[in-house]
Amino acid sequence: MKKRILSVAALATAAVMTFSGCSFFQQHSTNAMGSYNFEEMHLVQLEKPAEGQDVAIIETDCGTITAVLYTEYAPKTIANFKNRVNEGFYEGKSFFAIETGIYAITGASNEEGTEGVTDDGKFIENECSVDLWPFKGALMGYSSNAGYSDSRFFFSGAIEITQENINELKGYTHEETSKQVIPDELINAFTTEGSVPGFAASYTVFGQVINGFDALDEILWTASDINSKKPEKDIKIKKITLDTYSEGKFTLEEPTADKYLTKEEIDKLEQQLNSSTSSGTSVKLEDYKDQKQEDVKKKLDELGIKTEVYKIHDDNVATDCVIRTEPAAGTEVQKNSTIKLYVSMGKKEQ
């Protein structure tokens, strides 16, 4: 059963560049769906917020977005989020990557979007739940390390859920009983609420927009570079304020589920991406081992290659020097693509 359930996460993979075309969302090997008990599923995002529930008021250049937070489900993710809010970390932070209609990511500690912040400097392990899903307006934790998050987060948009998608979801069955695994309630919600099902169980859902969908749509539908996903217009968070929900204090809006990326638009974007990639100039990666991180980043920047830095302990490589790259040295990569740079933190203390 586990193998068949896990494959549900590939629903959007073939049709949406969210995983295949953008360096920010590679196909993740971590997915919690295999552990879900769908018989206990309770779609809390579709319910009215509870009295006293945590709320985040996110003021952006495009307007104000209000979201409820699910502290009970994602305590570590939200604790880090609240601490960053209280210290003013998010003020002035840009949405550094936008895939039109599908996602908008913010909360990085650097302009490139490759680094985030936590209280102890360690990534936060995903807190996924069968009760929380990537409906339109979901706030989802993000980092460059699969299965973990940090201060970075993204808003989920929505793609067209075709009848073929619906049939595929209904077709996942229990290997022993042949019973349908994905409940009709969830499949219907993907369509009525708007969603990107391919995000399911790979990222922590820690909040849901309840007001400000027009502002969210303006952000989600901002044009961006086909390769880097950098938006053509700089959109910033002005301020985030924490509050609690009470009756009449906040206006509840229905999600703009009728505004989504159609299959035709997805196909067109994929064609543009493939054309851009095939016509681009490739670069062969050198062996940068033992070279200083800042020197290697400068070389790669000049070649048009972006980097995500992973710092780990290594007994044989000096602190702040490169251990290896991924892809490995000798591999040809396209300009405007992103590679992983593993940098030494020196020997691990005993």
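**Terms and values in a predicted model**

Author: In this predicted model, strands β2 (residues 63-69) and β9 (residues 205-211) run antiparallel and are joined by 4 bridges.

Reader: What makes β2 and β9 a pair?

Author: Two strands pair if there are at least two bridges between them. β2 and β9 have 4 bridges, so they meet the rule for a pair. Within β9, N211 is the residue that stands opposite T66.

Reader: Which sheet has antiparallel pairing, and what is the order of its strands?

Author: The open sheet of 8 strands, ordered β3-β4-β8-β6-β9-β2-β1-β10. On average its neighbouring strands are turned by 25° against each other, with direction ignored.

Reader: Why are β3 and β10 called edge strands?

Author: Each of them, β3 (97-99) and β10 (237-244), pairs on one side only.

Reader: What is said of β6, and how do you know that both its faces are covered?

Author: Strand β6 covers residues 138-141, with A138 and M140 on one side and L139 and G141 on the other, and all four residues are buried. In a regular strand, side chains alternate between the two faces of the sheet. Buried here means under 20% relative accessible area.

Reader: Which strands does β6 pair with, and over how many bridges?

Author: β6 pairs with β9 in the antiparallel sense over 3 bridges, and 3 bridges also join β6 to β8, again antiparallel. With at least two bridges as the requirement, both count as pairs. The partner of L139 in β9 is G207, and in β8 F153 stands opposite G141.

Reader: Which helix lies across β1, β2, β8, β9 and β10?

Author: Helix α3 (residues 75-86) does, and α3 runs at about 120° to β10.

Reader: What makes one face of helix α8 the buried face?

Author: In α8 (residues 293-303), the buried residues are Q293, V296 and L300. Seen down the axis of α8, they fall within an arc of 70°, so they line one face of the helix. An α-helix has 3.6 residues a turn, so residues three or four places apart point the same way. On the other side of α8, E294, K298, D301 and E302 are exposed, a term that needs over 50% relative accessible area.

Reader: What do the buried residues of α8 pack against, and what follows the helix?

Author: They pack against β12 (306-312), β13 (322-326) and β15 (338-344). After α8 comes G304, with a positive phi near 85°.

Reader: How are β12, β13 and β15 arranged in their sheet?

Author: They form an open sheet of 3 strands in the order β12-β15-β13, with mixed pairing. β12 and β13 are the edge strands, since each pairs on one side only. From one strand to the next the twist averages 25°.

Reader: Why is β15 called mostly covered?

Author: Of its 7 residues, 5 are buried.

Reader: How many disulfides does the rule give?

Author: The count comes to 0. A disulfide is a covalent bond between the sulfur atoms of two cysteines. The rule asks for a pair of cysteine sulfur atoms within 2.5 Å, and by this rule there are 0 disulfides.

Reader: What are the totals for the protein chain?

Author: The chain has 8 helices and 15 strands, and 52% of its 350 residues are buried. Its accessible surface comes to about 16200 Å², with 45% belonging to carbon and sulfur atoms.

Reader: How far apart in sequence are the residues in contact?

Author: Of contacts between residues at least 6 apart in sequence, 76% join residues at least 24 apart.

Conventions: Residues numbered from 1 in each chain as written. Predicted model: local features only at pLDDT ≥ 70, side-chain atom pairs only at ≥ 80, totals over all residues. Heavy atoms only, no water. Buried < 20%, exposed > 50% of the residue type's maximum accessible area, 1.4 Å probe, protein only. Helix = DSSP H or I, 4+ residues; strand = E, 2+ residues; numbered from the N terminus. Arc of directions from axis to C-beta. Contact = heavy atoms within 4.5 Å. Areas by Shrake-Rupley, 256 points an atom, 1.4 Å probe, with all protein chains shown as cover. Axes fitted to C-alpha atoms, helices over the stretch in contact; angles between N-to-C directions.
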